[in-house]
Amino acid sequence: PEHRLETMFVPENVVNGFARAIRAWPNSWRPEPGKTLPQWIELDFGREAAFNCVHVAFQTQELRADGFRIEVPQGDAWKAIAEVKGNLQRRCVLRFQPVKAARLRLVITEAKPDMGVCEIRVYHER
């Protein structure tokens, strides 16, 4: 990939298979600088899927989101199914009651400006 600033933090980075920066390439998405939070990134599965667990990996422990939530569509709105406040972890595993949805949003509600999301994994665990 080209190492240009406008392609460095694209949303596609959260599903590119890398959970951390490699050779100075951040492999992460981050909210648009200068705009207020909350900001979100959306995964579209292309079909309805059942899941009850989401793994989120941030850039580093220092470049993590302090507050965030997972949302799924419900009618014309979005419903929070998991929320984290006061996060201190680089990697977070959020478990919740099973839901079925074709899309999911990770909404960043509190973070330092250089925070980055490297990976979002979605599972249906037994």
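This is a predicted model: local features need pLDDT of at least 70, side-chain atom pairs count only at pLDDT 80 or more; totals for chains, interfaces and linings use all residues.
Student: What makes the pair Glu71 and Arg69 a polar contact?

Tutor: Their side chains are joined at 2.6 Å. A polar contact is a pair of N or O atoms within 3.5 Å; within protein, one must be able to donate a hydrogen and the other to accept it, and residues adjacent in sequence count only if both atoms are side-chain atoms. Residues are numbered from 1 along each chain as its sequence is written, and side-chain values use heavy atoms, with hydrogens and water left out.

Student: Why is the link between Arg69 and Glu71 also called a salt bridge?

Tutor: A salt bridge needs a side-chain nitrogen of Lys or Arg within 4 Å of a carboxyl oxygen of Asp or Glu. The closest N and O atoms of Arg69 and Glu71 are 2.6 Å apart, so the pair meets that cut-off.

Student: How do you know whether Glu71 is buried or exposed?

Tutor: Buried means under 20% relative accessible area, exposed over 50%, and partly exposed in between (1.4 Å probe, protein chains only). Glu71 has 9%, so Glu71 is buried.

Student: Which residues are in contact with Glu71, leaving aside its neighbours within four places in sequence?

Tutor: With contact taken as heavy atoms within 4.5 Å, they are Trp78, Lys79, Ala80, Leu104, Arg105 and Val107.

Student: What makes Lys112 and Asp66 a salt bridge?

Tutor: Their side chains meet at 3.7 Å, N to O, and the limit is 4 Å, so the pair qualifies. Lys112 lies in the loop between strand 4 and strand 5 and Asp66 in strand 2, so the bridge ties together parts that are 46 residues apart in sequence. (Strands are DSSP runs of E, at least two residues, numbered from the N terminus.)

Student: Are these two partners buried or exposed?

Tutor: Asp66, at 13%, is buried, while Lys112, at 42%, counts as partly exposed.

Student: How many salt bridges does a search of the whole structure find?

Tutor: The search finds ten. Another one joins Lys35 and Glu32, with closest N and O atoms 3.5 Å apart. Here Lys35 is exposed at 52%, and Glu32 is partly exposed at 45%.

How values were computed
Helices (H or I, at least four residues) and strands (E, at least two) are DSSP runs, numbered from the N terminus.
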